[in-house]
Amino acid sequence: MTRLTLLVALCALALAAQSSQASRWSQPFPPHKIVGNVYYVGSNELASFLIATPAGHILINTGFEETVPVVRAGCEKLGFKLSDVKILLTGQAHNDHVAGFALMRKLTGAKVMVMAGDDAVVRGGGKGDFAYESQMRWAPCPVDRVLQDGDQVTLGSTTLVARLTPGHTRGCTTWLLTAVEDGKPFHVVIVGSVHVNSEFRLVNNAKYPRIAEDFARTFQVLESLPCDVFLGSHGGAYGMQAKYQRSLKEGYRAFVDPQGYRAYLAAGKAAYLKELEKQRGR
Ligand SMILES: [Zn+2]
């Protein structure tokens with residue numbers, strides 16, 4: 001094989017892997033209420049959250065383009081209209097969470113708000129990502145508002161706070177809000193990600209020199225947050241399927257899991273430190 005044919009073959013392989021993952025992770029899952037005005041409208045694996053307000057809705061994550069019909073069906077099954085989605089947010093600018101942004105923006109007319117650092121990747125459809133630029137590309141989507149750490153996003157009577165938790169992506173974002181249930185407030189933390197993917201270079205990363213420091217700071221920020229209900233970009237990150245099953249009997253209480261949040265952070269930090277040691281030793 002010439003180098004060019006090899007490159008073409010590798011790209012085709014990467015694309016095929018991407019599309020089979022997209023269909024594996026875009027299977028329907030019962031949409032459900034989590035707590036207060038927070039609902040799950042994602043697929044079997046890719047988490048999308050609808051924050052419903054009388055002034056319209058906020059949607060966090062769309063999944064792949066293939067996942068958008070699942071998200072739409074989820075909203076409608078819960079009695080919400082997709083056209084009432086006014087704001088579109090994400091936890092991280094990887095294709096499995098934002099490749100459906102352009103389509104969703106077209107369907108809803110929602111304002112797209114993305115953290116600085118991830119904004120260029122969303123605008124470029126994957127261009128500029130420090131790890132996957134050459135393998136993962138998707139439909140570019142305009143960004144209507146670029147967010148900074150601590151910025152608030154308000155719709156109706158609901159306010160979300162955007163915390164910059166970088167490392168997994170440069171603008172990886174953790175969303176905070178207070179949901180009210182039984183007259184009591186619950187701290188909801190929707191983690192962007194703390195996962196060190198196998199492709200990430202933590203040491204001597206020319207495209208993202210501060211990656212290791214960013215991960216360390218992210219753990220500090222997340223550890224400092226009060227958390228009752230812990231959610232993430234992947235259902236698997238917070239035990240979505242098991243919690244959903246329990247919620248059929250227990251309601252929102254199935255999602256109240258402060259210990260699960262601490263355990264998730266501890267496991268993520270241990271994995272990060274182990275990988276850092278390994279890469280430093282090379
Ligand atoms: Zn990711």
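Modeller: Start with Ala-22. Ala-22 has 21 other C-beta atoms within 10 Å, so Ala-22 is buried. This is a predicted model: local features need pLDDT of at least 70, side-chain atom pairs count only at pLDDT 80 or more, and totals for chains, interfaces and linings use all residues. Residues are numbered from 1 along each chain as its sequence is written.

Biologist: What makes Ala-22 buried?

Modeller: A residue is buried if 20 or more other C-beta atoms lie within 10 Å of its own, exposed if 12 or fewer, and partly exposed in between; C-beta atoms are placed from the backbone. Ala-22 has 21 such atoms, so the label is buried.

Biologist: Where is Ala-22 found, and which residues does Ala-22 touch?

Modeller: Ala-22 is found in helix α1, residues 3-24. Helices (H or I, at least four residues) and strands (E, at least two) are DSSP runs, numbered from the N terminus. Leaving out residues up to four places away in sequence, Ala-22 touches Phe-64 and Glu-66. Two residues are in contact if their C-beta atoms, placed from the backbone, lie within 7 Å. In sequence, Ala-22 and Glu-66 are 44 residues apart. In space they are 6.7 Å apart, C-alpha to C-alpha.

Biologist: Why is helix α4 called largely enclosed?

Modeller: Helix α4 covers residues 101-108, and six of its eight residues are buried, so the rest of the structure largely encloses it. The buried ones are Phe-101, Ala-102, Leu-103, Met-104, Arg-105 and Thr-108. Their cover includes α2, β5, α3, β6 and α5. Just after α4, Gly-109 takes a positive phi of about 75 degrees.

Biologist: Which residues have a positive phi although they are not glycine?

Modeller: Asn-61 is one, with a phi of about 75 degrees. Asp-182 is another, at about 50 degrees. Most residues other than glycine have a negative phi.

Biologist: Are Asn-61 and Asp-182 buried or exposed?

Modeller: Asn-61 has 27 C-beta neighbours inside 10 Å, so Asn-61 counts as buried. Asn-61 lies in the loop between β4 and α2. Asp-182 has 10 C-beta neighbours inside 10 Å, so Asp-182 counts as exposed. Asp-182 lies in the loop between β10 and β11.

Biologist: How do you know that β3 pairs with β4?

Modeller: Two strands pair if DSSP finds at least two bridges between them. Five bridges join β3 (residues 49-53) to β4 (residues 56-60), so the pair qualifies, and the two strands run antiparallel. Phe-49 has Ile-60 in β4 as its bridge partner. Thr-53 stands opposite Gly-56 in β4. The two strands form a hairpin, with two residues between them.

Biologist: What order do the seven strands take in their open sheet?

Modeller: The order is β1-β2-β3-β4-β5-β6-β7, with mixed pairing. β1 (32-35) and β7 (145-147) each have a single partner strand, so one side of each lacks a neighbour in the sheet. Neighbouring strands are turned by 25 degrees against each other on average, direction ignored.

Biologist: Which strands form the open sheet of five?

Modeller: Its order is β8-β9-β10-β11-β12, and the pairing is mixed. The edge strands, β8 (152-155) and β12 (229-232), each pair on one side only. Inside this sheet, four bridges join β9 (residues 158-164) to β10, and these strands run antiparallel. Ala-162 has Trp-175 in β10 as its bridge partner.

Biologist: Why is α6 called roughly antiparallel to α8?

Modeller: The axes of α6 (residues 211-223) and α8 (residues 258-281) come within 11 Å and cross at roughly 165 degrees. Axes are lines fitted to C-alpha atoms, for helices over the stretch in contact, and angles run from 0 to 180 degrees between N-to-C directions. Angles under 35 degrees count as roughly parallel, over 145 as roughly antiparallel, 65 to 115 as roughly perpendicular and the rest as oblique. That makes α6 roughly antiparallel to α8.
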